[in-house]
Each structure stands twice: as structure tokens, then as C-alpha cells.
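Colleague: Before we discuss the assignments, please put the structure up, and then I will ask how each label was reached.

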Amino acid sequence: MPFGRGFFTAACLILIALTCIAIAKRLERERRLLARLRGIQAYDPEHAVNLDRLNDDERDAAHLLANAGVLRVEGNRCYIRQVELKSFRRRRLRVVLVGATAALFLGVVIFVAILR
């Protein structure tokens with residue numbers, strides 16, 4: 001075997017870290033977009049934001065949030081659906097906590113495997 005157990009362990013830990021970073025980046029993009037839309041009070045179609053005014057990351061986040069049911073995209077404009085926002089925050093918090101716990105558990109398991 002060309003690579004040892006240490007290489008495999010390091011690769012697993014790096015994979016866990018990169019996954020956590022990617023998820024945190026996605027959550028931060030969504031948080032910033034929601035903050036921006038709340039700042040301009042885009043809660044109804046009259047105050048909706050044109051998607052052309054958003055950068056690529058914000059447009060991607062808008063489509064992800066629309067799929068989650070938090071944003072409403074009508075034509076080329078989007079706005080926040082306030083009714084769904086509270087339940088979305090609770091669901092998102094649960095996902096973050098479960099993901100962080102799973103990453104910590106995997107890290108500990110790999111660490112224990114190194115010590116053996």
C-alpha cells in the first residue's frame with residue numbers, strides 16, 4: 001500500500017474540515033442575502049428586489065432559499081415570505097447543530113483511530 005494509515009487519517013480530517021467550510025460558506029451567503037432583503041424590507045411583491053441587482057452568489061442563494069420556501073421568486077424579482085422565515089430558522093439551526101455534532105464525532109473517531 002503506497003500510503004499509510006496516517007495519510008488516510010489526514011485525508012479524512014481534511015475532508016471533514018472542507019465540508020464544514022463549504023456548508024458554513026453557504027449558510028453565510030444565505031444569511032447575508034436575508035439580511036439585505038430585510039434591510040430594504042422586501043416582504044411583499046411591491047418591495048421585491050430585482051434579481052439583476054444581486055451578484056452571482058446572492059442569486060444562487062436566492063434560488064436555494066426559494067427552493068426552501070423562504071423566498072418567493074416571481075419573474076425576475078424576489079422577496080421574503082415572513083410566514084416561513086421563523087420555521088426556516090429553527091430547521092436551519094437543527095441542521096447546523098446536528099452537522100457540527102456529526103463532524104465532531106467523526107473527528108474524535110478518527111483521532112482515536114490514530115492513537116491505536
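Modeller: Let us start with Arg 32, which forms a salt bridge with Glu 28, the closest N and O atoms being 3.0 Å apart. This is a predicted model, in which local features need pLDDT of at least 70 and side-chain atom pairs count only at pLDDT 80 or more, while totals for chains, interfaces and linings use all residues. Residues are numbered from 1 along each chain as its sequence is written, and side-chain values use heavy atoms, with hydrogens and water left out.

Colleague: Why is the pairing of Arg 32 with Glu 28 called a salt bridge?

Modeller: The term requires a side-chain nitrogen of Lys or Arg within 4 Å of a carboxyl oxygen of Asp or Glu; the closest N and O atoms of Arg 32 and Glu 28 are 3.0 Å apart, so the pair meets the definition. Both residues belong to helix α1, and because they are four residues apart there, about one helical turn separates them.

Colleague: What makes Arg 32 exposed, and what makes Glu 28 partly exposed?

Modeller: Buried means under 20% relative accessible area, exposed means over 50%, and partly exposed lies in between (1.4 Å probe, protein chains only). Arg 32 has a relative accessible area of 55% and is therefore exposed, whereas Glu 28, at 29%, counts as partly exposed.

Colleague: What makes Glu 74 and Arg 72 partly exposed?

Modeller: Glu 74 has 37% relative accessibility and so counts as partly exposed, and Arg 72, at 40%, therefore falls into that class as well. The side chains of Glu 74 and Arg 72 meet in a salt bridge, with 3.2 Å from N to O.

Colleague: Which residues does Leu 65 contact, leaving aside its neighbours within four places in sequence?

Modeller: Taking contact as heavy atoms within 4.5 Å, Leu 65 is in contact with Glu 30, Leu 33, Leu 34, Val 70, Leu 71 and Phe 88.

Colleague: Why is Ile 114 called partly exposed?

Modeller: Ile 114, which lies in helix α3, has 40% relative accessibility, and therefore counts as partly exposed.

Notes. Helix = DSSP H or I, 4+ residues; strand = E, 2+ residues; numbered from the N terminus.
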